[in-house]
Amino acid sequence: MNHDIKTPDIEQIVIIGGGAGGLELATQLGRRWGRKGKAHVTLIDRNNTHLWKPLLHEVAAGSLDAGVDEVNYRGHARRNHFHFILGSVCDLNRDQREVVLAPLVDEDGQTVLAERRVRYDQLVFALGSVTNDFNIPGIDEHCLKLDAPGQAERFHRRLLNAFLRQDRARAAGQDQQLKLVIVGGGATGVELSAELYNSAKVLQDYDLDHIGPEHLQVSLLEAGPRILPALPDRIAGSVITELGKLGVKVRHNTQVVRGHKGALETKDGEMIEGDILVWAAGVRAPNFLKDIAGLESARNNQLMVNETLQTTRDERIWALGDCCACPQPDGSWVPPRAQSAHQMASHILKNLQRQKAGKPMLAYRYKDHGSLISLSRFSTVGSLMGNLTGGSMMIEGRIARLVYISLYRQHQMALHGVTRTLMLALIDRLNHAIRPRLKLH
Ligand SMILES: Cc1cc2nc3c(=O)[nH]c(=O)nc-3n(C[C@H](O)[C@H](O)[C@H](O)COP(=O)(O)OP(=O)(O)OC[C@H]3O[C@@H](n4cnc5c(N)ncnc54)[C@H](O)[C@@H]3O)c2cc1C
């Protein structure tokens, strides 16, 4: 048995998953307690770098170069007084208070590190979600998903190759369309659809001038009666109009029952063909979380937490973000969104501080600040919620775009502080001026 962390007397706080919520929590705890030696804070992630997940559709379409925006965990940990362990958590032993990390294997199948165990006094699960294919046959084999930067980059390479192929075919006189089928009318599917039209337009400036947005055919399939079910009717209506102007074919009440090579079969027996098939319909927590070490889990594997954000059966174990099921007093559940993960990270920090100070813990209440949908550079639509707006207010255009970008800046501020975030914003502007408008490799 290999214990990665020696066990000094100070409290061991271990966070699994350095995403939208986990990395913010590790950073804040490191700065407050790690720096002063009040706790030993450790972050475990299966990747070496962090990229804010809501940017993945931009990486997929090439509008964003992941290499520019990603944060290296080791460098960030050193600056913020916490420790980082590279590894994929696969199990938990609550009696020994240890998490188990699967052996680390390189691309050639060679074992880099054997199975490891990490001891904890307080453990926070923050390992996000994966796309739910509802065990529909053929989806895993034939569809791309956008769960991680690696998948987004794979999509991007496939997309560039498909554009190249179509461009050559059209140059040779063949009248072809590049067909993409996206399943799932949530924010991911909608935002990706719009980004693809932007990519087709920008590529024309880089010598792929036989193919443009008019040769792209994106079909967005939604099983329910309308896309963006979580958003008010008028926002969904506005988005449908904008997508229609771009050329996206939105198909409601279209349920996919099987995936094939190059086609998706619907419940009505129709085959919808596509050069690239994307699955973006719903999320679930990873399978290994289901009933892990006797913890209570919900139907989609999320860990059940109470209002303090501690798991229902073990008060040393907390969960935040997409991987937790958190009921609200009105009977609803906290939605799997970046703003939930951000709020929950701040709340767990507060409760850990109160626990240390012997004060009673506070109940978490989700605050919905609104939802925004970015249709690439074409439009941004959404709603703002709050006291200032007196409920929900629809916003569009430049203001909506600024609010959308401010969500990411808020995350950067939690990680890097105000000065560094301003510097990063400046670097973004410079990159915008000196780099190609699309990632071309
Ligand atoms: C394309 C796209 C667009 C989106 N747009 C929006 C938006 O506009 N607004 C919004 O509010 N939300 C949006 N979301 C949802 C949002 O990204 C998530 O709700 C949010 O990232 C959840 O945060 P989290 O901290 O729970 O998990 P994540 O941010 O997903 O982080 C999970 C981390 O855990 C790590 N991990 C996973 N498994 C393991 C393991 N076994 N061992 C170790 N590490 C592990 C991962 O590498 C990752 O770093 C979008 C999602 C996608 C995919």
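Asn-301 counts as buried, with 20 C-beta neighbours inside 10 Å; a residue is called buried if 20 or more other C-beta atoms lie within 10 Å of its own, exposed if 12 or fewer, and partly exposed in between, with C-beta atoms placed from the backbone. Asn-301 sits in the loop between β20 (283–284) and β21 (303–304). Its phi is positive, about 75°, although Asn-301 is not a glycine. Most residues other than glycine have a negative phi.

Leu-309 is also a non-glycine residue with a positive phi, here about 80°. The loop between β21 and β22 (310–311) holds Leu-309, which is buried, with 23 other C-beta atoms within 10 Å.

A word on the model: it is a predicted one, in which local features need pLDDT of at least 70 and side-chain atom pairs count only at pLDDT 80 or more, while totals for chains, interfaces and linings use all residues. Residues are numbered from 1 along each chain as its sequence is written. Helices (H or I, at least four residues) and strands (E, at least two) are DSSP runs, numbered from the N terminus.

## Around the ligand

The shell around the ligand has 33 residues, and Gly-17, Gly-19, Lys-53, Gly-128 and Gly-321 come nearest; a residue belongs here if its C-beta atom, placed from the backbone, lies within 6 Å of the molecule. The shell divides into 15 nonpolar, 13 polar and five charged residues (Ala, Val, Leu, Ile, Met, Phe, Trp, Tyr, Cys and Pro count as nonpolar, Asp, Glu, Lys and Arg as charged, and the others, Gly among them, as polar).

At least two shell residues come from each of β2 (39–45), α2 (56–61), α7 (187–203) and α9 (338–356), and α9 gives the most, with three.

## Helix α8

Helix α8 (residues 233–246) has 14 residues and reaches 20 Å from its first C-alpha to its last, close to the 20 Å expected at 1.5 Å a residue (that is, 1.5 Å times one less than the number of residues). Its buried residues are Ile-235, Ala-236, Ser-238, Val-239, Glu-242, Leu-243 and Leu-246. Viewed down the axis of α8, they fall within an arc of 160°, so they line one face of the helix; the arc is that of the directions from the helix axis to the C-beta atoms.

On the other side of α8, Asp-233, Arg-234, Thr-241, Gly-244 and Lys-245 are exposed.
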